[in-house]
Amino acid sequence: MMDFLIKSTLSMALLLAVYHVFLAREKMHRFNRFYLLFALMFSLAVPFISFTIYTEAVAQAPLPARPIEIQNFTIAPTPQQPVDYTMPLLLAIYALVTVALALRFAKNIRHFLRQVNHNPSRPHQNATLVLMEGNVIPHTFLNYIFVSKEDYEQNTIEQELYTHELAHVRQKHSVDILFIEVLKTVLWFNPLLYFYKKAIQLNHEFLADETVVNQSNNIVIYQQLLLQKAVPQMAFQLASSLNYSVTKKRFMMMTKATPKSKALLLKLAALPVIAGLIYALCTQTVAQTSPIINTTVFVEELPASQQSSHAATNKVKRDSYYAGVRIVVKNDKRKTLIDKPYEQLTEAEKDKYLMDVPGPTQKKQLTAKQYADLKDSTTYGVWIDGKRVDNAVLNKFSITDFAFYYGSAVYKNAQTKANPQPYQFNLYTHDYFDANLENSYKKFGSDTYTVVTGSYSAPKKATDSKTKAEAAPPKIAEGFTNTTDTVKDKADAEARRARVFAERAKIMKQRETLLAKRDSLKGSRREVLDGAHVEKDSAKAQRERARAAKSAKKS
């Protein structure tokens, strides 16, 4: 509810500001009428419009060698809080005011219907004249024009007044007023609606004045007539009245002219504002995680016979699973390394970059306690068939409506303002499971598979309790098991483990080769240095002997 109020009010305020800044002072009344009504309807619809923008995010996590054992976590009971009556009191006040305004709205409509039923009427072009006793300023409601019976019988009502009121009838201005009155009855606490009603009614008068001026071609006489008929404002809540806002604005608008080119530019000025509102209020960005291959994981090696068996089994399933899929491999700087169909990959590239084929997904159902716990919006974020929902939506479903679920704990540094819950659970209905999950292990669900390569760096050792708490794996809630889709089943875990072992053996072999080369280079360098020292000592000895011989000769 709060989201609706904030978004709709913000949209109303911005669009009304655009109207007063660019449009209200220009003579393009038909467009202005459409704009004001559109602004209201658009603002009411904005909170219910949603567009999702997906962005790619790299998930840097180590490749597990076996299913992760997550400890059970007991949620401490929440201490009982005192009952807060603020919300029920506000709802009661809202209901009372809304009922009072609805009764007043019904009373106003009943007033017009009584006037129609208890007074004589006469057809007049496409409207009906209702002849009323006393001095009545002409006013219109739906197809009825209310005028003074005495003035009508004496034929003292000017033709310009009939033209003015008929314009209200033909253009159905009463429908606009009824629409805004209904909104005011429900959203009476929004002051912007009162400004919208004032702008709409004034625009109606501009439209009616324009019709009269176009037919009579005498602006001065019509303005004098308006001044003669001007009396203190009368309370016709739902009527279009001749006497409404006889001000300098109406007289100035009669003589104003707006060039077509300027009018077109002013109309287009509203489009960027509407587009900006849609982008700001209706779009949400969702980060999709791309797999990252960890090439520095070291674990114990499986026997060669087991490695061969796992590799052969996985190859058959993998060829069928990725058939026809385009494989794109990028490094951590987003430079494309591979971009080609799966069938063109070498076996080494397939082993290195592709994840294991998942196993079949079996239906499983929540327990009654688990389902009841998920309704706690402070602890659990809930998704149904891939869409984020309010926890209260679960009251509309039963346990048997869901065929499958999985959940996970959320690291503290991954919790957001929109989703602050420490746990998140995905529930899938039977229809969604049958259409999307039951056979998902048979074929990759997209035409392109993107891999972002990189290396994993272990987090720094925690230095205080807070850091340790953030670095430690979060625990799952009591009553739930680890159902994350990191490892689908035992066979997949073993196949993944075999790949890691094979990769580790390859890296260790490369390491041994490099170490041997390093030792060889060190031996060669030592021999070179020793030879250089010998040559240096020999040259020095020769110089010493030469100096000695020279000294002996002189003596």
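Mentor: Let us begin with the chain as a whole. Among contacts in the protein chain between residues at least 6 apart in sequence, 76% join residues at least 24 apart. Please bear in mind throughout that this is a predicted model.

Trainee: How many helices and strands does the secondary structure of the protein chain contain?

Mentor: The protein chain has 16 helices and 16 strands. Its length is 555 residues, of which 35% count as buried. The accessible surface amounts to about 33,900 Å², with 58% of that area belonging to carbon and sulfur atoms.

Trainee: How should I describe two helices that pack together?

Mentor: Two packed helices are described by the angle between their axes and by the distance between those axes. Consider helix α6 (residues 173–186) and helix α7 (residues 192–216): their axes come within 10 Å and cross at roughly 175 degrees. An angle over 145 degrees counts as roughly antiparallel, and α6 and α7 are therefore roughly antiparallel to each other.

Trainee: Which residues of α6 and α7 make the contact?

Mentor: On the α6 side they are H173, D176, I177, I180, E181, L183 and K184, and on the α7 side L193, Y194, Y196, K197, I200, Q201, H204 and L207. By class, this contact of α6 with α7 comprises eight nonpolar, three polar and four charged residues.

Trainee: Is K184 buried or exposed?

Mentor: K184, which belongs to helix α6, counts as buried because its relative accessibility is 8%, and the cut-off for buried is under 20%. Leaving aside neighbours within four places in sequence, K184 is in contact with L101, L193, Y194 and K197.

Trainee: At what angle do the axes of α2 and α10 cross?

Mentor: The axes of α2 and helix α10 (residues 260–282) cross at roughly 5 degrees and come within 13 Å. Angles under 35 degrees count as roughly parallel, so α2 and α10 are roughly parallel to each other. The contact is made by F31, Y35, F38 and F42 of α2 together with K267, A270, I274, L277 and I278 of α10. In this contact of α2 with α10 there are eight nonpolar residues, no polar residue and one charged residue.

Trainee: Where is M41 placed, and how accessible is M41?

Mentor: M41 lies in helix α2 (residues 29–45). With a relative accessible area of 47%, M41 is partly exposed. M41 and S8 are 33 residues apart in sequence, and their C-alpha atoms are 9.6 Å apart in space.

Trainee: Let us turn to sheets. How do I read the arrangement of strands?

Mentor: Strands of a sheet pair through backbone hydrogen bonds, either parallel or antiparallel. Here, four strands form an open sheet in the order β12-β11-β14-β13, and the pairing is mixed. The edge strands, each pairing on one side only, are β12 (387–389) and β13 (402–409). On average, and with direction ignored, neighbouring strands of this sheet are turned by 30 degrees against each other.

Trainee: Which helix packs on the sheet?

Mentor: Helix α14 (residues 430–437) packs on the sheet and touches β13 and β14 (423–429); the direction of α14 makes about 85 degrees with that of β14.

Trainee: How many bridges join strand β11 to β12, and how many does β11 share with β14?

Mentor: Strand β11 (residues 380–384) is joined to β12 by three bridges, and these two strands run antiparallel. In this pairing, I384 stands opposite K387 of β12. Five bridges link β11 and β14 in the parallel sense, and W383 has N426 in β14 as its bridge partner.

Trainee: In what sense do β13 and β14 pair?

Mentor: They pair in the antiparallel sense, over seven bridges. Y405 stands opposite L427 in β14. Strand β14 is mostly covered, since six of its seven residues are buried.

Trainee: Where does V357 lie, and is V357 buried or exposed?

Mentor: V357 lies in the loop between α12 (347–353) and α13 (368–373). V357 counts as buried because its relative accessibility is 2%. The C-alpha atoms of V357 and S320 are separated by 9.6 Å, the two residues being 37 residues apart along the chain.

How values were computed: Residues are numbered from 1 along each chain as its sequence is written. This is a predicted model: local features need pLDDT of at least 70, side-chain atom pairs count only at pLDDT 80 or more; totals for chains, interfaces and linings use all residues. Side-chain values use heavy atoms; hydrogens and water are left out. Axes are lines fitted to C-alpha atoms, for helices over the stretch in contact, and angles run from 0 to 180 degrees between N-to-C directions. Angles under 35 degrees count as roughly parallel, over 145 as roughly antiparallel, 65 to 115 as roughly perpendicular and the rest as oblique. Contact means heavy atoms within 4.5 Å. Ala, Val, Leu, Ile, Met, Phe, Trp, Tyr, Cys and Pro count as nonpolar, Asp, Glu, Lys and Arg as charged, and the others, Gly among them, as polar. Two strands pair if DSSP finds at least two bridges between them. Buried means under 20% relative accessible area, exposed over 50%, partly exposed in between (1.4 Å probe, protein chains only). Accessible areas come from the Shrake-Rupley method with a 1.4 Å probe; for residues, only the protein chains shown count as cover.
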